[in-house]
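Subject: Structure handover

Hello,

I am passing the structure on to you, with my notes below it. Please read the two together.

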Amino acid sequence: MMAPKVFRSDIAQGLRDLGVKRGDAVLLHSSLRSFGEVEQGADGVIDGFLDAVGAEGLVMAPTLTGGPQFSPENPPQLDLRTAPCWTGLIAETLRKRPGAIRSVHPTHSCAVLGGRAGELTHRHFLSPTPCGAFSPYFRLAQAGGYIAMAGCGLECCTTFHTVEELANAPYHLQMGVSFGACIGPDGQQVDTPCRLHSYHGPERDFPVMESVLLAKGSMRKGRIGASMLRLISAMELIELALDRVRFDPFYLTVYRGRGADWMAARARAQDTRLAGKLAEPG
């Protein structure tokens, strides 16, 4: 039996049932396929979210462009007016919407629709880390906003990187500054010096926080169409995760409780690389 088609009104009502109100700010991580058939596809999902938050609210999506190829030796250079994101069709559709503002950042930009979009995206390029205290991710939390995980789990939640950056997690960032640049929405080049994410750190285990968030009442779950939707208080996620990361810097990884093992393995790998370089002919 085929699942019924999902309409924007279903999405808006499902969000209201979970507690979203007019004027709220929502960061959307999403899988369009998870909803089943949606009238107007990705645009229908975006319209449903906009209907729920109203003209006073905003909807934000991560429009990420980072990857392991970038480093201080190969800093990112991109035109944010045209550079596609790899965070799904809904995010890519939102960034192309008339009126959307994309924050200027070489790896972790966001696209925002709503009256306060400029406030959240303002000068993201000055943030010394991609998702830290001067990023749209933290600003949304400061504004009392929510994170909506639609058809994807906490493993996709970028705000956990905010936690890692606020806590200065020892595995999270590359050592040097990458002096990248972006072409911003006005066509001008903007320099973007920033410490980028390391893609050689320990495997993350962000879903470890699900039971904590549920127990504290910081996350609610419901269904919209075929999609499981998790609605999370962004600031409560940050505060609860920070409480744990301060005591165990590896709490959000599979090395929880044994971070020294990963540090020792990294030291051995560095020694091996150094020995290999010293053995190379001059």
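Predicted model: local features only at pLDDT ≥ 70, side-chain atom pairs only at ≥ 80, totals over all residues.

Residues are numbered from 1 along each chain as its sequence is written, and side-chain values use heavy atoms, with hydrogens and water left out.

The sheet

Helices (H or I, at least four residues) and strands (E, at least two) are DSSP runs, numbered from the N terminus. Two strands count as paired if DSSP finds at least two bridges between them. On that basis there is an open sheet of seven strands with mixed pairing, in the order β4-β5-β2-β1-β6-β10-β9. The edges are β4 (101-102) and β9 (219-224); each has a single partner strand, so one side of each is left without a neighbour in the sheet. Helix α8 (residues 234-247) packs on the sheet, where it touches β6 (146-150) and β10 (227-233). The direction of α8 makes about 70° with that of β10; axes are lines fitted to C-alpha atoms, for helices over the stretch in contact, and angles run from 0 to 180 degrees between N-to-C directions. Within the sheet, strands β2 (residues 58-62) and β5 (residues 110-114) run antiparallel and are joined by five bridges. Leu-58 is opposite Gly-114 of β5.

Buried means under 20% relative accessible area, exposed over 50%, and partly exposed in between (1.4 Å probe, protein chains only). Helix α2 (residues 41-53) has ten of its 13 residues buried, so it is largely enclosed by the rest of the structure. Among them are Ile-46, Phe-49 and Val-53. From first C-alpha to last, α2 reaches 19 Å, close to the 18 Å expected at 1.5 Å a residue; the expected span is 1.5 Å times one less than the number of residues. Gly-54, which follows α2, has a positive phi near 70°.

Helix α6 (residues 159-166) is mostly covered, with seven of its eight residues buried, including Phe-160, His-161 and Glu-164. The cover over the buried residues of α6 includes β1 (25-30), α5 (136-142), β6 and α8. Just after α6, Asn-168 has a positive phi of about 55°.

The cores

A nonpolar core is a set of buried Ala, Val, Leu, Ile, Met, Phe, Trp, Tyr and Cys residues joined through side-chain atoms within 4.5 Å. The largest has 41 residues, and the members that touch the most others are Met-60, Phe-160, Met-209, Leu-237 and Leu-252. Helix α8 gives the most to this core, with seven residues. A second, separate core has 30 residues, including Val-38, Ala-52, Val-59 and Ala-111.

Contact means heavy atoms within 4.5 Å. Leaving aside neighbours within four places in sequence, the contacts of Leu-252 include Phe-160, Tyr-171, Met-209 and Val-245.

The β7-β8 hairpin

Strand β7 (residues 178-183) pairs with β8 in the antiparallel sense over six bridges, and Ile-183 has Gln-189 of β8 as its bridge partner. Five residues lie between the strands, and Gly-187 in this hairpin takes a positive phi near 85°. In a regular strand the side chains alternate between the two faces of the sheet. Strand β8 (residues 189-194) has Val-190, Thr-192 and Cys-194 on a covered face and Gln-189, Asp-191 and Pro-193 on an uncovered one.

Cysteines

A disulfide is taken as a pair of cysteine sulfur atoms within 2.5 Å, and a search of the whole structure finds zero. For Cys-156, the nearest cysteine sulfur is that of Cys-152, at 4.6 Å; Cys-156 is partly exposed, with a relative accessible area of 37%. Cys-182 is buried at 1%, and its sulfur is 9.9 Å from the closest cysteine sulfur, in Cys-194, too far for a bond.

Two single residues

Arg-97 sits in the loop between α3 (89-96) and β4, and counts as buried at 18% relative accessibility. Leaving aside neighbours within four places in sequence, Arg-97 is in contact with Asp-43, Ile-46, Asp-47, Leu-50 and Leu-113.

Leu-229 belongs to strand β10 and is buried, at 0% relative accessibility.

Regards
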